[in-house]
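Q: I have a structure to go through for class. Can you walk me through what is in it?

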Amino acid sequence: SIMPATLAAISNGARAGILFKGGVHLENLAHVKAIAFDKTGTLTKGMPVVTNVIVHDKYTEKEIIQLTASIESHSNHPLAKAIVRYAEQKYKEPLKQPESIQDNSGWGVTAKMNKAEWRIGKAAFVGEKEAKTFQQGIFNQLSEEGKTAVFVQKNDEIIALIALKDIVREESKKAIESLKQNGIYTVMITGDSEKTAKAISKESHVNEYIAECLPEKKVTSIKELKEKYGIVAMVGDGINDAPALATANIGIAMGEGTDVALETADVVLMKNDLPRIAEAIHLSKRMNRIIK
Ligand code: ADP
Ligand code: MG
């Protein structure tokens, strides 16, 4: 049966915008040693904007953007939505319909359109070597600025790079700092490239970052953190975070996240409010003192 102190703490949590799906999670949270954060949509706003469009001489920016947006309009990825928004705002022309399209989660999209095969996605998806040498290595420079590169490949040739920047949430730094002051180790986990991850990890002040994570690697990273630190929490918002949320001792979902993340999590932050995590830990420690 649930103790009065636990019930009181759960209801205090709810009033503060932290929903616990059971007393056990509230108890565990007091003992958390490390917290892993997804990057996109968790530490950052999850609303990237197009900042640079670099195209091969044979094409115009308009051609590339209209074509890429036509294909990306079939993907739900935040980068895809940002490219579609950019096309709509800049050119205000209807998009075309690709002949076929395939969304490869964690990599990008492939499509058939205008009698060609298209690949749109990260460097490793279009060929790391070609990506790195495209236009005198502009990829490197943009990544160091914390931007995410989306490459456009037609048949076997990279013909454009679209760079996007997602802004680190104002409250992320504050939340991370207060967790660190409480002796908690903080890690950012992302599918994004090494250099972009490094830049964003600096902006958000986390102790460590793990880049180029496919959903399976997010899970192994959580397992490794558990071995190293003991009780580990994971904070995420996306469908591809769900396996990692389930693997962590405590899965924490952002309230504006996807349904799958909300269902898998043990704790939900009702607003996307990261500083509430430190509050929840205080609540948990207070409650455990009353119970014992
Ligand atoms: P994150 O963990 O940062 O949210 P994902 O695992 O969703 O990232 O994707 C990893 C990377 O794959 C992205 O940073 C992006 O470069 C690429 N990618 C995935 N889906 C798409 C898409 N629809 N269009 C372009 N790039 C994509
Ligand atoms: Mg995310």
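A: A term to start with: two strands pair if DSSP finds at least two bridges between them. Helices (H or I, at least four residues) and strands (E, at least two) are DSSP runs, numbered from the N terminus. In this structure, Ala 36 stands opposite Met 234 in strand S11. This is a predicted model; local features need pLDDT of at least 70, side-chain atom pairs count only at pLDDT 80 or more, and totals for chains, interfaces and linings use all residues. Residues are numbered from 1 along each chain as its sequence is written, while chains are lettered from A and ligands numbered from 1 in the order in which they are written.

Q: What is the mean pLDDT of the protein chain?

A: The mean is 94, and 99% of the residues reach 70 or more. pLDDT is the predictor's confidence in each residue, from 0 to 100. The model also scores ipTM 0.96 and pTM 0.90.

Q: Back to strands. Which strands do bridges join to S2?

A: S2 covers residues 34-38. 5 bridges join S2 to S9 (residues 185-189), and the two run parallel. Another 4 bridges link S2 to S11 (residues 232-236), also parallel. On the S9 side, Ile 35 stands opposite Thr 186.

Q: Is S2 mostly covered or mostly open?

A: Mostly covered: 5 of its 5 residues are buried. Buried means 20 or more other C-beta atoms within 10 Å of a residue's own, exposed means 12 or fewer, and partly exposed is in between, with C-beta atoms placed from the backbone. Both faces of S2 are covered, with Ala 34, Ala 36 and Asp 38 on one side and Ile 35 and Phe 37 on the other.

Q: What does Ala 36 touch?

A: Leaving aside neighbours within four places in sequence, Ala 36 is in contact with Val 187, Ile 189, Ser 221, Ile 222, Leu 225, Val 232 and Met 234. Contact means that the C-beta atoms, placed from the backbone, lie within 7 Å.

Q: And which residues touch the most other members in the largest nonpolar core?

A: Ala 36, Val 187, Ala 233, Met 234, Ile 252 and Ile 277, out of 49 residues in that core. Helix H14 (residues 276-291) gives the largest share, 6 residues. Apart from this core lies another, of 34 residues, including Ile 71 and Val 126. A nonpolar core is a set of buried Ala, Val, Leu, Ile, Met, Phe, Trp, Tyr and Cys residues joined through C-beta atoms within 7 Å.

Q: New topic. What domains does the assignment give?

A: Domain 1 (4-45 + 168-291) and domain 2 (49-165). The bounds come from an automatic or database domain assignment. Taken over C-alpha atoms, the domain centres are 31 Å apart.

Q: How many residues of each are in contact?

A: 13 residues of domain 1 are in contact with 12 of domain 2. On the domain 1 side, helix H3 (39-43) and helix H10 (194-204) each give two or more residues. H10 gives the most, with 5.

Q: Last one. Which residues other than glycine have a positive phi?

A: Among them are Lys 92, with phi of about 45°, and Gln 135, with phi near 50°. Lys 92 is in the loop between helix H5 (78-91) and strand S4 (100-104). Gln 135 lies in the loop between helix H7 (128-133) and helix H8 (138-144).

Q: Why does Lys 92 count as exposed?

A: Because 7 other C-beta atoms lie within 10 Å. Gln 135 has 13, so Gln 135 is partly exposed.

Definitions and conventions:
Two residues are in contact if their C-beta atoms, placed from the backbone, lie within 7 Å.
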